[in-house]
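Dear colleague,

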Amino acid sequence: MPRRWLSHHIKHWRGEIMKAAVLPNLDKRGAYDVVLKLGEILKNEEIEAYLPEGMIFAGFKQLPEDELYGIADIIITIGGDGTIIRYAKRAALDNKPVLGINAGRMGYLANIEQNELGLLRKLKQNEYFVEKRMMLSVTVFENGRRLGEYNALNDAVITGGFISRIIDISVGVGGDNINYRADGLILSTPTGSTAYSMSAGGPIIDPLTQSMCITPICSHSLSAKPILLGADNTVKVKAYSKKRTDIYLTVDGRKVAAVKPYTDILIRRSKQYAKLIRLNDRSFYKTLSGKFRDGRSI
């Protein structure tokens, strides 16, 4: 999928004041200092800056967090991948792009590090582009009754409640079933291929492709390998345990449902896309290489 310049997606700010909502995870190391610097930088760039209500810093206005997505032209997050995932999924509901500033350990999704804040000058100059990241729609049914629907930017994971308790998982694709006996199963997006799926032996996938990956966790079959599917597939998952082990569904690291023998989990490509702002030309592969090299931010 080609990169698209942001000016094609949102209004050009000629004669208008650009608005940025800053959403920091202040528990992350360095995040407090980044907010302080952003207040000055955004003011110098004549960008109207907002923080969630209750966060008081010089140079910022405050609004309730849920209102920020409506008034902001861009969302700036400060934190690790978990922070970016949380806010990017929420911003997708309002079709707003997100710029991630890394204050985590790895920060695959962040575009700039804390020592690269000077790149923010590109915002007003439209010298940046947006990557559209595919998400998964995960719908849970019990006895045919819909219980909930969730968007996954990284992955949906089915696992037993106890370590090393085997569960049986049936994956339906296109009318055929694939059966696993394993500790669990990961269904990931290309973005999530560098997260839990990779740790379980799944492939690294270019984040701009359209696909989903099925990766078993500690499978008890030598023939069970990760499977890469086209994004137009719909996957139906069922799971049960002969030892009555509790089974759970987590979406992007958050437990959302208990899985019973009569639970159906339907996974397909979401209609929404997360949009990530890129201020530099550092490629996914260069970022990956740098972060693999020493396990820290480059």
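Two strands are taken to pair if DSSP finds at least two bridges between them; strands (E, at least two residues) and helices (H or I, at least four) are DSSP runs, numbered from the N terminus. This is a predicted model, in which local features need pLDDT of at least 70 and side-chain atom pairs count only at pLDDT 80 or more, while totals for chains, interfaces and linings use all residues. Residues are numbered from 1 along each chain as its sequence is written, and side-chain values use heavy atoms, with hydrogens and water left out.

Strand β9 (residues 155-160) runs antiparallel to strand β16 (residues 247-251), and five bridges join them. Threonine 159 has tyrosine 248 of β16 as its bridge partner. Both strands belong to an open, antiparallel sheet of six, ordered β14-β13-β12-β9-β16-β17. Because β14 (227-230) and β17 (254-258) stand at the edges with a single partner strand each, one side of each is left without a neighbour in the sheet.

The largest pocket holds about 410 Å³ of space. A pocket here is an open set of points on a 1 Å grid over the protein atoms alone, where a 1.4 Å probe fits, with protein on both sides within 12 Å along at least five of seven lines; lining residues have an atom within 4 Å of a point. Grid points are joined across faces, edges and corners, and the volume is the space filled by probe spheres set on them. Of the 20 lining residues, Ile85, Lys89, Val251, Asp252 and Gly253 lie nearest the centre. Helix α3 (81-93) gives the largest share of the lining, five residues.

Kind regards
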